[in-house]
Structure formats: C-alpha cells, structure tokens
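User: I would like to learn how to read the features of a two-chain model, one at a time. Could you give me the general idea behind each feature before turning to the case at hand?

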Amino acid sequence: MSAKIQRLADIDRVIHEPARLMIVALLAAVEEADFQYLRQTTGLTQGNLSAHLSKLEEAGYVAIEKTFRGKYPLTICSLTDRGKVVLDTYRKIIKSAL
Amino acid sequence: MTFSSSRLLEENPDRIANQLIQKAHNRDGLPEIAIGLTFLLVALTMWMQIAYQPGSLTYKIAPLILGLLVPALILSSQWAIKKVRTQFLIGKTGYVKSKPVNRKAAGMVVAIAFVIAVAAVIAAYLGRNSSPPTAWFLAGTGIGGGLLLILAGRLPRFVVGGVIMSVTGVALAVGGVSLGTGFMILYGIIGLLSLISGCVVLVLFLRQPTEPAQ
C-alpha cells in the first residue's frame, strides 16, 4: 500500500495541474479540437488556455497546428502519442493510490 | 471555469471530459431542433392515419413517410448538424473531430436493439388474441423516453423535457385515449417542446458575442 502511495511522487506535474489535466482529458476523448472549442468547453480564458497549451506543447504532450477552414483561422490541437502514454500512466498511478 | 480542482480530484477526469463534450454538443440547440423535427414528423404521420379515411392517398402516404423519411432524417441529422456548424457557426462553436465510432460498442447497441425488437414481436404474437395494453404502452413509452432524454441530455432543460414526457405518457394512459391518438399527442408535444427549446437556445447562442480567433 505504501509503495503505491509513494508512486504519487512520480506523478507528472505538467498534467497534474487541474486545467491542463482537463485539456488533456478532453483531447484524449476526441481526435482533434481547435482552440475555440477547447476554450468554450473548458471555460478557460483565452490567455489561460494559451499558456496551458504552450506548456503542454513544450512538454511534447500536445501537437498544435495552425490552419484555415475557408477564411476562418484554426489552431488545431491533438494529443501526441507521448501525451497519451503520460495520461495513461497518470490514470494508473492515481487509481492505484486512491 | 466550468470545472474545479476539487471536482477533478473527486471524479474521474475522463468522465468530466465526456460530460463537457456532451454539454458542448448541445450548446447551440441544433440537436434539439433535429430531434423536434423528427418527433413532429412521426406525430404528423400518426395524425394522417387518424384524420383520413383508410384507402385515401394521405392515409397511404403516411407509412411511407414513417418508413422512409423519418429514418432518412435520423440518419442525416448528424451530418447536417456538422455541416451547419462548419459552414456557419465555426467561429462560435469551434472545430472538433470526434474519434471514429467504436465498432464493438456500436455492434453491442445494434444487438441490444435487435433483442428488444424480437422480444416485442414475440410479446405481440403471444398477446394477439387479447386487447392491446394501450395504457401500458403509453405510460411505458412516456417514462422510458423521458428517462432516455434525461440521461442523454444531462442538462436542466432535458430534465424538464424528460419529466414532461413521462407525465404526458402517464396522463394519456390514465385518460384512456386510443394508442394512435396517445402516441400522436405524446410525440407531438415532445417534438414541439424540443423544437421551441432548440430554437430559443440557438437564438441565445447566436446573440453571444464571437471572440476573435486565436
């Protein structure tokens, strides 16, 4: 039991932050989503979401691609393979510890 | 924010994510408008069979509408909603690409629907000589449909719609109306409510200021 709790120390701090965890969990539930959809769904402000996405991109958990749909500019975000692995590990650690 | 740290610690983040996606799906009222139109079309076919004489053209067309137009509307509604969002509402709704359909889960749903359909046919065959339990059908459809609406929508307005559907079903059952008239009223009321609610939500959604694209 204590070994399982000790594993909490191994938790990835980048996705442990609630807003980032929600972004990653949302992106894990879809194929890809744009900035506006994530902003509307999470209720985060533009600045906050932008900062969290930058951190997730820096860590290599989220891929961000800027594109256009017609005349409308889209910032499309998707979870990378590394992001999927990290989220899966995070789930396992939390599940075993709680 | 629409979620909090404490809620994330208490609940599964995946479940919260799916709830938020479901909420986002119903944000613009388009799914309700599609559901409302479908129910109204079903109610219309029932009215056509009640109001017109058997053998008349309108009476004959009704099953065709029910058999062809209603399934076509159900099957095409998701595509149409996606098209409208992409074409006209992308600045407000944002863009999302869903994961491909899980074939195992979809197969399970089809298998359950098939089992229910077979059970209904067997029940109808066994009870062919007795008078149909109209009240049971109406109350059951009202309560079952209401529960389905509450569980699928997960928003206060769906809870209200689900309660109205259940109460209407029970009221029609107690009122002793015929099966055809009962279903026409039940589907008509739900269709109208969904359509009005969807239109109101869409208008309110369109009136919200659009934030500049990132």
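**Reading the two chains**

Analyst: Buried residues make up 33% of the 98 residues in chain A, where a residue is buried if 20 or more other C-beta atoms lie within 10 Å of its own, exposed if 12 or fewer, and partly exposed in between, with the C-beta atoms placed from the backbone. In chain B, buried residues account for 26% of its 214 residues. This is a predicted model, in which local features need pLDDT of at least 70 and side-chain atom pairs count only at pLDDT 80 or more, while totals for chains, interfaces and linings use all residues. Residues are numbered from 1 along each chain as its sequence is written, and chains are lettered from A and ligands numbered from 1 in the order in which they are written.

User: Which secondary structure elements does each chain have, and in what pattern along the sequence?

Analyst: Helices (H or I, at least four residues) and strands (E, at least two) are DSSP runs, numbered from the N terminus. On that basis chain A has 6 helices and 3 strands, following the pattern α-α-α-β-α-α-β-β-α along its sequence. Chain B has 8 helices and 1 strand, and its elements run α-α-α-α-β-α-α-α-α from the N terminus on. As for extent, the C-alpha atoms of chain A fill a box of roughly 55 × 25 × 20 Å, taken along the principal axes.

User: How should I read the sheet, and in what order do the strands lie?

Analyst: Strands of a sheet pair through backbone hydrogen bonds, either parallel or antiparallel. The working criterion is that two strands pair if DSSP finds at least two bridges between them. Here 4 strands form an open sheet in the order 2(A)-3(A)-1(A)-1(B), with antiparallel pairing. Its edge strands are strand 2 (62-69) of chain A and strand 1 (96-97) of chain B, each of which pairs on one side only.

User: How many bridges join strand 2 of chain A to strand 3 of chain A, and what lies between these strands?

Analyst: Strand 2 and strand 3 of chain A run antiparallel and are joined by 8 bridges; within this pairing, Ala63(A) has Ser78(A) in strand 3 of chain A as its bridge partner. The two strands form a hairpin with 2 residues between them, and Gly70(A) in the turn has a positive phi of about 65°. Helix 5 (residues 46-58) of chain A lies across strand 2 and strand 3 (72-79) of chain A, at about 120° to strand 2 of chain A; axes are lines fitted to C-alpha atoms, for helices over the stretch in contact, and angles run from 0 to 180 degrees between N-to-C directions.

User: How many residues does each chain bring to the contact?

Analyst: Two residues are in contact if their C-beta atoms, placed from the backbone, lie within 7 Å. The contact takes 27 residues from chain A and 26 residues from chain B. Helix 3 (18-29), strand 1, helix 4 (35-42), helix 5 and strand 3 of chain A each supply at least two residues of the side of chain A that touches chain B.

User: Is Leu172(B) buried or exposed, and what does Leu172(B) touch?

Analyst: Leu172(B) is in helix 7 (residues 156-175) of chain B and is buried, because 26 other C-beta atoms lie within 10 Å. Leaving aside neighbours within four places in sequence, Leu172(B) is in contact with Leu138(B), Val177(B), Gly182(B), Ile185(B) and Leu186(B). Val170(B), also placed in helix 7 of chain B, is partly exposed, with 17 other C-beta atoms within 10 Å. Not counting residues up to four places away in sequence, Val170(B) touches Ala139(B) and Gly142(B).
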